[in-house]
Amino acid sequence: MAAISFDPSINVQVNQKSHGVLVEEIEGLIRVHKNGHVERPPIIPIVPCTATSGVTAKDIVIDKFTGLWTRIYVPNYSNKMPLLIYFHGGGFCVGSAAWSCYHEFLSGLASKAGCIIFSVNYRLAPENRLPAAYDDGIETLMWVKQQALSGSNEHKWWLSQCDLSSLFLAGDSAGANIAYNVATRLGSHGGTSASSGMKPLVVKGSILIQPFFGGESRTATEMHATPQVNSALTLPASDAYWRLSLPFGSNRDHPWCNPSANGTPKLRELRLPPTMVCVSEMDILKDRNMGFCNALGGAGKRVETKIYKGVGHAFQILHNSPSSHIRTQEMISHIKTFINQ
């Protein structure tokens, strides 16, 4: 896959004056005006739902009123496969299940790891601030449960190959944050596990790739990490994403942003499934991700930490460093092992 650049010089030209004062901008990705108008330049191509070698893919509407939909990837395997509910990254504010980089990464992951993937196209901030994306995650799970219970003929093409007792919540960056917060919701509804009340679905684990968390206090890598060429996440961009996505009046110690903040429900009390956290060595989130892993382990949760050397944030979809391809294959291998153990 060719590298995808975040160079703002390729930005499309728009008439900003017609929408008044610009209140937030992440160069090349999003502009938010005081009157509420939001612009998202088409920096990454949108691709149609086309089948790739050995993988069937279809777009399915889950909620026509909110616009929630998913792109489903089903590899041509004869045996039943685990199900990954996957949430894309983009700081809660940008991104799409139809972005070319996600289509390529997830079709490859489905084929190589032998799993069915639902790539969820959730609502974006600032038009739909959190918890809208979390709500969409829960609604997606409830929709899957409904199809399974009804034995839907319309969805037999994926249901018949799906092992509903082996479901995983997954995502990268903001999508990993969504996967984690969906898991905490499931684990706070009573019962003995994160799957209580979800039968016939059984949540076996979470896969958090470079999870997008934050906090008012800075970590060392947030303050001192050497900026990478074509970096997918900088500290100013991170702060802007949180300003645009958290509820009005919140700061970065809100529990949705900082799971370790004071006042956050104790991790030990949460019923969380086993978790694999993928950390990039050159990511500004490295220290925060490692601290999160240590907190999970300290709370008695089962956590596996995988560190990818020499690569930065979102390397597996942007391929923006020389070792990205090798590290991506390592990640896919780790995911395959995790979902089949």
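Because the model is predicted, local features need pLDDT of at least 70 and side-chain atom pairs count only at pLDDT 80 or more, while totals for chains, interfaces and linings use all residues. Residues are numbered from 1 along each chain as its sequence is written, and side-chain values use heavy atoms, with hydrogens and water left out.

Let's open with Ser173. UniProt, in an unreviewed entry, lists Ser173 under "active site"; the position is in the numbering used here, the feature name is shortened, and such annotations may be inferred rather than shown by experiment. Where does Ser173 lie? Ser173 is in the loop between β8 (162–172) and α4 (174–186).

Is Ser173 buried or exposed? Ser173 has a relative accessible area of 7%, so the residue is buried. By that I mean under 20% relative accessible area, with exposed being over 50% and partly exposed in between, using a 1.4 Å probe and protein chains only. Setting aside neighbours within four places in sequence, Ser173 is in contact with Gly89, Ile209, Gln210, Pro211, Phe212 and His313, where contact means heavy atoms within 4.5 Å.

Now to α4, the helix on one side of that loop. α4 has 13 residues and reaches 18 Å from first C-alpha to last, close to the 18 Å expected; the expected span is 1.5 Å times one less than the number of residues. Of those 13 residues, 12 are buried, among them Asn177, Tyr180, Asn181 and Thr184. The buried residues of α4 pack against β6, α2 (132–150), β8, β9, α6 and α7 (286–298).

A nonpolar core here is a set of buried Ala, Val, Leu, Ile, Met, Phe, Trp, Tyr and Cys residues joined through side-chain atoms within 4.5 Å. Which of its 105 residues touch the most other members? Those are Ile85 and Leu169. Leaving out residues up to four places away in sequence, Leu169 touches Ile85 itself, and its other contacts include Ala179, Val182, Ala183 and Leu186.

On to the rings. A pair of aromatic rings is described by the distance of the centres and the angle of the planes. I pair rings of Phe, Tyr and Trp (its six-membered ring) if the centres lie within 6.5 Å; planes under 30 degrees apart count as stacked, over 60 as edge-to-face and the rest as tilted. The whole structure holds 16 aromatic pairs. In one of them, Phe92 and Trp242 have ring centres 5.5 Å apart and planes at 55°, so the pair is tilted. This pair links distant parts of the chain, 150 residues apart: Phe92 is in the loop between β6 (81–87) and α1 (100–113), and Trp242 is in helix α6 (residues 235–245). Phe92 is buried at 1% relative accessibility, and Trp242 is buried at 2%.

Another pair, Tyr180 with Phe213, is edge-to-face, at 5.7 Å centre to centre and 85° between the planes. Tyr180 belongs to helix α4 and Phe213 to the loop between β9 and α5, 33 residues apart. Tyr180 has a relative accessible area of 6%, so that residue is buried, and Phe213 is buried at 2%. Phe92, Phe212, Tyr241 and Trp242 form one aromatic cluster; Phe212 is also one of the contacts of Ser173.

Two charges sit over rings, meaning that NZ of Lys or CZ of Arg is within 6 Å of the ring centre and within 35 degrees of the ring normal. Lys58 has its charged end over the ring of Trp157, 4.6 Å from the centre. Arg129 lies over the face of Phe248, at 3.9 Å from the ring centre.

Last stop, α2. Its 19 residues should span 27 Å at 1.5 Å a residue, and the end C-alpha atoms are 27 Å apart, which agrees. Gly151 follows α2, with a positive phi near 60°. Within α2 we find Leu149, which is exposed at 58% relative accessibility. Beyond neighbours within four places in sequence, Leu149 is in contact with Lys199 and Pro200.

Note on methods. Helices (H or I, at least four residues) and strands (E, at least two) are DSSP runs, numbered from the N terminus.
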